[in-house]
Amino acid sequence: MKLIKLIANLGYGSRKQVAAMFRAGMVTDAHGEVLYADDQVPHEDIRIDGEPLDPPAGLLLMLHKPVGYTCSTKDAGRIVYDLLPPRFRLRSPVLSTVGRLDRDTSGLLLLTDDGALLHRIVSPKTHLPKVYEATLAQDLRGDEAQLFASGTLMLESEKEPLAPAHLEAVEPRFVRLTLTEGRYHQVRRMFAAVGNHVLSLHRSRIGGMPLNGLPAGQWRILDDGDRSRLFAAP
Ligand code: URA
């Protein structure tokens, strides 16, 4: 791919703007040599204003989503993309969230521009466990774990029962719930179905990838090792 297209696709600007960056000598190699739009240079050797070029297409990153941010790009309020470099929103292929977390849910959110990878992570066929920690308004009544594990729980306005889910009662009002699918507001609706209410909800793990102390609002790029970890059993 031509350098000009590569850099424009990474969200640095339109082709016209990137052409102007070349003319201004802002695009160099690792030794500070000015590059031209038709040069062939390995991605890792390209610098923009002395800074390494953003990662190429095939990007996967994890974000610790704080409460109060939505995953939609159309929301007028705070959105998860506000926590990333503004350029990332302009990338082509588009950087999408892997599934969604509600505005009031915090925790591990993945984003990728790789459609096949996204599909593999969210597909119920992959059985990738997603672990949620929930604080409940009322004590568990005692039969929830069995019901959630049964594979028979039918949520309102759904046509298929939920896949079996694992509930661990850490305290009477604090639970860890492991799901292998991601239906709309699933955790909140599961507890509503048993007469309870989720006061706070946090996703702590997807597959073999824990949030692992990443502070709220922070993100990091996942490398090949992280990807294998993601798909490995926790
Ligand atoms: N279940 C919910 O209810 N909300 C989320 O954000 C994720 C799972």
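This is a predicted model: local features need pLDDT of at least 70, side-chain atom pairs count only at pLDDT 80 or more; totals for chains, interfaces and linings use all residues.
**Entry 1: helix α6**

I started with α6, which covers residues 224–231, and looked up which of its residues are tucked away: Asp-226, Arg-227 and Leu-230 are buried. I then looked down the axis of α6, and its buried residues fall within an arc of 100°, so they line one face of the helix.

What covers the buried residues of α6? My list includes the strands β4 (60–65), β6 (105–112), β10 (198–206), β11 (209–210) and β12 (219–221), along with the helix α3 (115–122).

I also looked at the start of α6, where a side-chain oxygen of Asp-223 comes to within 3.1 Å of the backbone nitrogen of Gly-225.

**Entry 2: the whole chain**

I stepped back and noted six helices and 12 strands in the protein. Its C-alpha atoms fill a box of roughly 70 × 35 × 35 Å along the principal axes. The protein has 234 residues, and 45% of them count as buried. For the accessible surface I wrote down about 12,300 Å², with 51% of that belonging to carbon and sulfur atoms.

I was curious about contacts between residues at least 6 apart in sequence: 61% of these join residues at least 24 apart.

**Entry 3: domains**

The domain assignment gives domain 1 as 3–52, domain 2 as 60–124 + 208–230, and domain 3 as 129–206. I looked up the C-alpha centres of domain 1 and domain 3, and they lie 49 Å apart.

**Entry 4: the cores**

Which residues touch the most other members of the largest nonpolar core? I found Leu-111, Phe-148, Leu-177, Val-187, Met-190 and Phe-191, in a core of 34 residues. The elements giving two or more residues to this core are β4, β6, β7 (130–136), β9 (174–179), α5 (186–193) and β10. Domain 2 and domain 3 both give residues to it, so this core lies between them.

Setting aside neighbours within four places in sequence, Phe-148 is in contact with Leu-153, Ala-163, Pro-164, Ala-165, Leu-167, Leu-177, Met-190, Phe-191 and Val-194.

Terms used. Residues are numbered from 1 along each chain as its sequence is written. Side-chain values use heavy atoms; hydrogens and water are left out. Buried means under 20% relative accessible area, exposed over 50%, partly exposed in between (1.4 Å probe, protein chains only). Helices (H or I, at least four residues) and strands (E, at least two) are DSSP runs, numbered from the N terminus. The arc is that of the directions from the helix axis to the C-beta atoms. Contact means heavy atoms within 4.5 Å. A polar contact is a pair of N or O atoms within 3.5 Å; within protein, one must be able to donate a hydrogen and the other to accept it, and residues adjacent in sequence count only if both atoms are side-chain atoms. Domain bounds come from an automatic or database domain assignment. Accessible areas come from the Shrake-Rupley method with a 1.4 Å probe; for residues, only the protein chains shown count as cover. A nonpolar core is a set of buried Ala, Val, Leu, Ile, Met, Phe, Trp, Tyr and Cys residues joined through side-chain atoms within 4.5 Å.
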